[in-house]
Number of protein chains: 2
Amino acid sequence: MAETKIPKATAKRLPIYYRYLNILHDSDKNRVSSTELSEAVKVDSATIRRDFSYFGALGKRGYGYDVDSLLKFFKKILNQDKLTNAALIGVGNLGNALLNFNFHQNSNVRISAAFDVRPDLANTVQSGVPIYPMAELRKQLEDQQIKIVILTVPESVAQNVTDDAVAGGVQGILNFTPLRISVPSNVRVQNVDLTNELQTLIYFLDHYNEED
Amino acid sequence: MAETKIPKATAKRLPIYYRYLNILHDSDKNRVSSTELSEAVKVDSATIRRDFSYFGALGKRGYGYDVDSLLKFFKKILNQDKLTNAALIGVGNLGNALLNFNFHQNSNVRISAAFDVRPDLANTVQSGVPIYPMAELRKQLEDQQIKIVILTVPESVAQNVTDDAVAGGVQGILNFTPLRISVPSNVRVQNVDLTNELQTLIYFLDHYNEED
DNA sequence: GCCGATTTGTGAAATAATTTTCAATAATAA
DNA sequence: TTATTATTGAAAATTATTTCACAAATCGGC
């Protein structure tokens, strides 16, 4: 089901490339070199060429890459040619911000359902997204065939909620809680830990003066 | 200024360890093995031992690690024994959520100043944090000696604001915009790109069925 | 004090990711 | 047409990170 396993490091860069290709496209550029891309996305040009080459020969020597065909290619690869529905669990502080954030503007991901324990939120609509009571989590995920959830619940309930979501058939979790949740091996977790990021930043500042 | 250069990959895991050590400490455990830690933080135990070993022999063979002394050690390393002030630039959707988020609960980072272009926000206090007009950015950063900023402005102004912040002496930037900002080599940028994370997750789901 | 069970710390091996280098090719200028 | 310049793709070299596997140290019970 894949183009012979792309390195993880490469996979993580694909959305970055995709995004910049869109910008080029919108400004009517029709060719781009790895050097030029490198400037914009802050990735070494050799790394970019290497990344691209995993997918075959996408460019032309002496010319560069054709923006439109590269864009079309990555759109396909990243599944951005169809809409992906995601659910948001936990409409608190951060959850609310993400509801407003509207991923849809930049990508073909849409939060199509949200869940919260608070009774006053259940069965309302926030930022155009229907909020369901937590008790319906599993059922709604199943019914709506949602494969991706964004987890913005308090840490204390994160594992329970995760188990429910997994039971509902979820395959990918964007985990905003600091808890390292446990999931079966066929479920993928992407952690976004804000406190962590800040602490790492501070560590680097204190211990890696100048450069990397 | 460092303990002979810790690998970057290790540095990124330090806050994860630190966090779990706090949990152990709070539940009055006084020893922990790399295997036990491994379960909780989802990092291979050999990797944990290797990570720790960069700082010297922190454990005891046949025993494990002493929670309190390890905690004390990491607290020092991560600068969590002093309060670090940060500024938040852009009090919009996400910015507001982060103001409420209160990093201080889990770490010794505090947002002590925020900035926004909107005149009705300037000179108010939101979630206990004073909001300054954008024009004062450089001056306030200098006066308050703030070295870390959280960037939650629209992409279109991200580079300009960054340049201002750098002029104000900032050394670390937690960048929530999708733009890969340009900074001098002595300034460190940590990118948190939510759309990216979601797209990467989708890519993994579609192309890496079962396991990594 | 001795013995068996644990568990670290670390060389060495394996794996992953980046960077260098350069031949091949395309575009452009002369 | 031909020479010059730009640029990719890929092999090789390098660097970074993880994992294996085991000797050495420590603990706890007897």
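1. Helices α2 and α3 of chain B. In this predicted model, the axes of helix α2 (residues 34-41) of chain B and helix α3 (residues 45-53) of chain B come within 8 Å and cross at roughly 110 degrees. That angle makes α2(B) roughly perpendicular to α3(B). Axes are lines fitted to C-alpha atoms, for helices over the stretch in contact, and angles run from 0 to 180 degrees between N-to-C directions. Angles of 65 to 115 degrees count as roughly perpendicular, under 35 as roughly parallel, over 145 as roughly antiparallel and the rest as oblique. Helices (H or I, at least four residues) and strands (E, at least two) are DSSP runs, numbered from the N terminus.

2. Basis of the values. Residues are numbered from 1 along each chain as its sequence is written, and chains are lettered from A and ligands numbered from 1 in the order in which they are written. Because the model is predicted, local features need pLDDT of at least 70 and side-chain atom pairs count only at pLDDT 80 or more, while totals for chains, interfaces and linings use all residues; side-chain values use heavy atoms, with hydrogens and water left out.

3. Contact between α2(B) and α3(B). The crossing of α2(B) past α3(B) is right-handed; a crossing is right-handed if the near helix is turned clockwise from the far one by less than a right angle, and left-handed if anticlockwise. From α2(B), S34(B), T35(B), L37(B), S38(B) and V41(B) meet S45(B), I48(B), R49(B) and F52(B) of α3(B), contact meaning heavy atoms within 4.5 Å. By class, this contact of α2(B) with α3(B) has four nonpolar, four polar and one charged residues. Ala, Val, Leu, Ile, Met, Phe, Trp, Tyr, Cys and Pro count as nonpolar, Asp, Glu, Lys and Arg as charged, and the others, Gly among them, as polar.

4. Helices α1 and α3 of chain B. The axis of helix α1 (residues 8-26) of chain B comes within 11 Å of that of α3(B), and the two cross at roughly 100 degrees. That makes α1(B) roughly perpendicular to α3(B). T10(B), R13(B) and Y17(B) of α1(B) meet T47(B), I48(B), D51(B) and F52(B) of α3(B). The contact of α1(B) with α3(B) has three nonpolar, two polar and two charged residues.

5. Helices α2 and α3 of chain A. In chain A, the axes of α2 (residues 34-41) and α3 (residues 45-53) come within 8 Å and cross at roughly 110 degrees. Helices α2(A) and α3(A) are therefore roughly perpendicular to each other, and their crossing is right-handed.

6. Sheet of chain B. Seven strands of chain B form an open sheet in the order β5-β6-β4-β3-β7-β8-β9, with mixed pairing; two strands pair if DSSP finds at least two bridges between them. Its edge strands are β5 (125-126) and β9 (188-191) of chain B, each pairing on one side only. Helix α8 (residues 194-207) of chain A packs on this sheet, touching β3, β4, β7 (148-151), β8 (172-175) and β9 of chain B, and its direction makes about 160 degrees with that of β9(B). Strands β3 (residues 84-89) and β4 (residues 109-116) of chain B pair in the parallel sense over six bridges, and A86(B) has I111(B) as its bridge partner in β4(B).

7. Sheet of chain A. The open sheet of chain A has seven strands in the order β5-β6-β4-β3-β7-β8-β9, and its pairing is mixed. Strands β5 (125-126) and β9 (188-191) of chain A stand at the edges with a single partner strand each, so one side of each is left without a neighbour in the sheet. Helix α8 (residues 194-207) of chain B lies across β3, β4, β7, β8 (172-175) and β9 of chain A, running at about 160 degrees to β9(A).

8. Domains of chain A. The domain assignment, automatic or taken from a database, gives domain 1 (8-77) and domain 2 (84-196) of chain A. The C-alpha centres of domain 1 and domain 2 of chain A lie 31 Å apart.
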